[in-house]
Amino acid sequence: MSSQRGILLVNLGSPDSPSVPDVRRYLNQFLMDPRVIDSPWIIRRLVVGLFILPTRPKRSAAAYASIWTPEGSPLIVISRKVEKLLRERVRMPLALGMSYGRPSIDAAVAELLGQGRGLTEILLIPMYPHYAMSTYETVVVAVEKTLAKMAPGVRLITKPPFYKDDDYIDALVASAESHLSAGYDHVLFSYHGLPERHLRKSDPTHSHCLASPDCCQVPSEAHKTCYRHQVYATTEAFTARAGIPREKHSIAFQSRLGRDPWLRPYTDETLKRLAASGVRRLVVLCPSFVADCLETLEEIGQEGKEEFLSHGGAEYVLVPCLNDHPRWIEVLANWCRA
């Protein structure tokens with residue numbers, strides 16, 4: 001008997017609105033995930049409840065309000081557009097879920113099962129190019145748990161991290177082409193940051209990641225789950241395809257939280273350094289995100305721009321994420337059909 005496949009797309013999520021109560025609810029769900037703040041439950045509850053939720057929701061709500069659209073959260077609006085465009089190209093059951101907020105993973109799986117009577121397998125596409133326990137791994141584990149209780153007989157097939165997939169890189173370059181062709185002094189690849197301990201926890205060898213300065217260049221089984229190695233690989237593939245000289249690009253990491261060591265160099269410090277070094281026209285890409293969101297539009301698009309310009313830069317160009325770019329939609333459609 002032939003299998004009937006459904007497609008499940010999952011991204012991070014968003015608050016229902018930029019109001020403080022909605023942002024507090026969202027942050028509580030997000031930060032209490034044991035793969036985001038990877039401490040024992042009681043410590044996590046104390047840190048989130050006593051040190052983060054009393055003050056951060058108000059600041060985050062203001063940030064969300066600055067990027068909110070009449071249609072709603074940019075991440076959700078863009079994801080819905082992608083879903084709609086894929087439905088027009090892929091003739092099989094398809095649903096969209098979010099790790100936090102709505103639509104939830106449970107709701108998305110229920111929708112998918114409702115669309116496809118007799119569904120035998122689900123192709124899960126976590127909308128993250130790179131492996132991280134707080135993003136990719138969280139999605140896979142959550143979907144596995146949902147399927148175990150809702151449809152234990154349905155087979156789950158998970159799309160691996162696509163950080164150096166040729167079609168993904170081609171789509172990424174195509175989305176940035178017009179911004180790069182206008183000229184630049186420097187191209188900055190700003191990736192979401194991670195605590196260093198997350199890399200060590202994800203290392204199956206327990207001895208490779210961050211053990212030496214060149215660990216990402218030394219072949220290892222650890223690279224399959226090493227976020228830093230994978231973002232380096234994305235950057236290398238992109239710059240080779242786009243013809244960007246080595247001396248004209250760099251990598252930095254944004255969105256750090258807390259006092260523990262995070263991946264360096266930090267984006268905010270890098271922006272100031274590049275401006276002070278004489279870079280006039282800077283092009284910035286955020287390849288760890290496939291859809292524009294708070295971290296790209298507000299943190300990099302607003303705060304990052306202000307930092308660069310106030311420290312001597314002249315022109316700051318933020319390349320939009322893949323969003324609903326035609327090349328990206330075609331890549332996703334081909335993955336669904338494969």
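In helix α7, Asp167, Tyr168, Asp170, Ala171 and Ala174 meet Arg327, Trp328, Val331 and Trp335 of helix α12, where contact means heavy atoms within 4.5 Å. The model is predicted, with local features needing pLDDT of at least 70 and side-chain atom pairs counting only at pLDDT 80 or more, while totals for chains, interfaces and linings use all residues. Residues are numbered from 1 along each chain as its sequence is written, and side-chain values use heavy atoms, leaving out hydrogens and water.

- By class, the contact of α7 with α12 has 6 nonpolar, no polar and 3 charged residues.
- The axes of α7 (residues 166-181) and α12 (residues 326-337) come within 8 Å and cross at roughly 165 degrees, which makes α7 roughly antiparallel to α12 (an angle over 145 degrees).

**Salt bridges**
- The structure holds 22 salt bridges, each defined by a side-chain nitrogen of Lys or Arg within 4 Å of a carboxyl oxygen of Asp or Glu.
- Arg155 forms a salt bridge with Glu121, the closest N and O atoms being 3.4 Å apart; because Arg155 lies in strand β4 (residues 155-158) and Glu121 in strand β3 (residues 121-126), the pair ties together parts that are 34 residues apart in sequence.
- Arg155 counts as exposed at 53% relative accessibility, whereas Glu121 is buried at 7% (buried means under 20% relative accessible area, exposed over 50% and partly exposed in between, with a 1.4 Å probe and protein chains only).
- Arg241 and Asp166 meet through their side chains in a salt bridge (3.5 Å, N to O).

How values were computed: Axes are lines fitted to C-alpha atoms, for helices over the stretch in contact, and angles run from 0 to 180 degrees between N-to-C directions. Helices (H or I, at least four residues) and strands (E, at least two) are DSSP runs, numbered from the N terminus. Angles under 35 degrees count as roughly parallel, over 145 as roughly antiparallel, 65 to 115 as roughly perpendicular and the rest as oblique. Ala, Val, Leu, Ile, Met, Phe, Trp, Tyr, Cys and Pro count as nonpolar, Asp, Glu, Lys and Arg as charged, and the others, Gly among them, as polar.
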